[in-house]
Number of protein chains: 2
Amino acid sequence: MFLAHRVCMTSQGQPWVSSVVHKVRLQIAQDPSLNYEYMPVTGMQSFIQASLKLLFGKHNPVIAENRVGGVHTVGDNGAFQLGAQFLKIWHQDSQIVYIISSKKEPHGLVFQDIGFKVSEHSFWDSKKLCMDSNALLNVVEEAPHGCIFVIGNIGDCKLTQSQWARLMASMKRKQIFPFFDIPYQGFSTGDLEEDTRFLRYFVSRGFEFFCSQSLSKTFGIYDEGVGVLVVVALNNQLLLRVLSQLMTLTQALWRNPPTMGARIITSILCNPALHEEWKHSLKGLVGDIMLVKEKVKEKLRLLGTPGSWDHITNQNGPHSYLGLNSKQVEYLVKEKHIYIHKNGRINFTCINACNIDYITQSINEAVLSTKGSP
Amino acid sequence: MFLAHRVCMTSQGQPWVSSVVHKVRLQIAQDPSLNYEYMPVTGMQSFIQASLKLLFGKHNPVIAENRVGGVHTVGDNGAFQLGAQFLKIWHQDSQIVYIISSKKEPHGLVFQDIGFKVSEHSFWDSKKLCMDSNALLNVVEEAPHGCIFVIGNIGDCKLTQSQWARLMASMKRKQIFPFFDIPYQGFSTGDLEEDTRFLRYFVSRGFEFFCSQSLSKTFGIYDEGVGVLVVVALNNQLLLRVLSQLMTLTQALWRNPPTMGARIITSILCNPALHEEWKHSLKGLVGDIMLVKEKVKEKLRLLGTPGSWDHITNQNGPHSYLGLNSKQVEYLVKEKHIYIHKNGRINFTCINACNIDYITQSINEAVLSTKGSP
């Protein structure tokens, strides 16, 4: 039993695909008017515009002021690769990158390979079994002036308004450059706007930043790797300068990004009926995730498993910590053949009606068997 | 009038798409059994295998001996980026790259950005108006020991058997590492096997090499950027070592390559009927290219344009040199609004029944107007 799939699974154990995607795929294949010529280096413009509106909201001033733009990239890894290459050349202040997230991020290696000094920090407090909203604030205090902060899954942190204000004030003072990671907008709360509210805080405080926006997961087109490197600048002139440099780098990386995924997403985002259907499918998925978590918690309660399991339902999104220690994880893997990450983070959509009893009983055994050990 | 399109155009002035692609696109969209999960880092295995068979021929010993492999990349630029990164780390002999082709290649910049010393050489002899098969041999003689040779469009050179033998002997002696570029197998002669015959020479002489194989153009799916970085090693063990290193690099670049294009191509190559239909469409396109060239030559002859225009039909493929000097090109651009590269290389598929008379008359005028000037 493998509970560490990267993608969301359906209750039938298949990768989740938004219902609207099949329909659009067929429409595209049947459309004789489509042109399959090379895209410009920066990618499909209609896709970028639709993605930016999704990220910031249609009426965000940053869009009206023409100071946000993007480069269509090959997935989020492509966005980080491109952003890191740009920062290596142009971010002269400091070549230190802090990667702060609720989990181990693959792009740490991207920055390291390019020659940055990388320091990784987690929000997850494995003792208190919760996201530690002070962790980010403390890291900012310690970080050197002018460094780069790659911030992933910050939505999990549930910072209060005053914490946000403190965070932004510290970052401003230290001239820290933020590089956000939005791997799946909407998966945290089911509400697209809510999930990226913090980006609008940063915009309104006059920050310039990068953001890796991945759209593959929220539509269920994993194998197309659809991403955008989003650039927010202080004005249009600065934005154009950055985009022009990014274009040169893109040319060397892949020249023209692949478009099938972008075409599907644009068709959905630009059609109000399809857009609604997609949002509905997204809400359905997030509802299912919460339901599974509730069920796991309830079953553990009924089994009398020691400890509180509220942290399961307190975390948002498909991937969450079970809150097991390394011995308990080892027990699950070795004795129960339930394969999960060492840190106990699992994909809750891998749990379904067929395996939930086995999994919860196994967790119960794991906890009981290691009782008393640290 | 723009005669420098990168892609082949139909007689209606639309990007050429193999007739079989539409059909397969629809089949894929209608297939409920397909899985859109992430691909492995090296890409779609069935696609890589089908591409390698296409490149070397099914029965080539290199396939039977399990010493050829590939990484599915984002187009040919992706293949060069990946290959260049690998060579930067592992090719310790020399950090000098010779780029030899019939035209200016974009990947010169890729190698340069990564830190190689790049030296570019062209086969095209603009005085004799022909591909200079000795150019390559001379460049090898001058090149330093252990350098890298990126060789594009070598098929245009029409080397004799003995020239091939001399070339390979020199390269062996100097331990030059070849990195071939196959941008559109089949477009030169219309014969897929013929176009890559030279690769089999290098295999049989025991060379290890890289090859960037692009498949977007020959199917007409330009916007998907489908490529393979092909690795030929001396044995399976060495091959696996190289692939493992390439995997690490791919992970940082884009992690998972996009699959739509690869899916289309694999569906065609693995189905004998579709494969035949595709080959037929390719032959039709190459036939059309030759026809256009013949017509241009004939029209110039009828107009009494000074000079021999045999070089037009002596060159293979859609992109060929008109054999005009810079003044003549300038005349076409400024006086006739016919936009072509400074070097006079055009895409002959941009010429059709509607514009051929205007184009040939303009060439005639350009030649007459600059008569006598160097």
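Over residues 22-363 of chain A, the chain is 50% helix and 15% strand, and the end C-alpha atoms lie 37 Å apart. Helices (H or I, at least four residues) and strands (E, at least two) are DSSP runs, numbered from the N terminus. An unreviewed UniProt entry annotates residues 22-363 of chain A as "domain: Aminotransferase class I/classII large"; such annotations may be inferred rather than shown by experiment.

This is a predicted model, in which local features need pLDDT of at least 70 and side-chain atom pairs count only at pLDDT 80 or more, while totals for chains, interfaces and linings use all residues. Residues are numbered from 1 along each chain as its sequence is written, and side-chain values use heavy atoms, without hydrogens and water.

Next comes the interface. Chain A and chain B each give 36 residues to the contact, meaning heavy atoms within 4.5 Å. Between them the two chains bury about 3,700 Å², 54% of it on carbon and sulfur atoms. Buried area is the accessible area (1.4 Å probe) that two parts lose on being put together, summed over both. In chain A, the residues that lose the most area to chain B are A:Tyr36, A:Tyr38 and A:Asp223, together 21% of what that side buries.

A:Asp223 also meets B:Arg263 in a salt bridge between side chains (2.6 Å, N to O). The rule, a side-chain nitrogen of Lys or Arg within 4 Å of a carboxyl oxygen of Asp or Glu, finds two salt bridges across this interface. On the side of chain A that touches chain B, the largest share, four residues, comes from α1(A).

Methods. Chains lettered and ligands numbered in written order.
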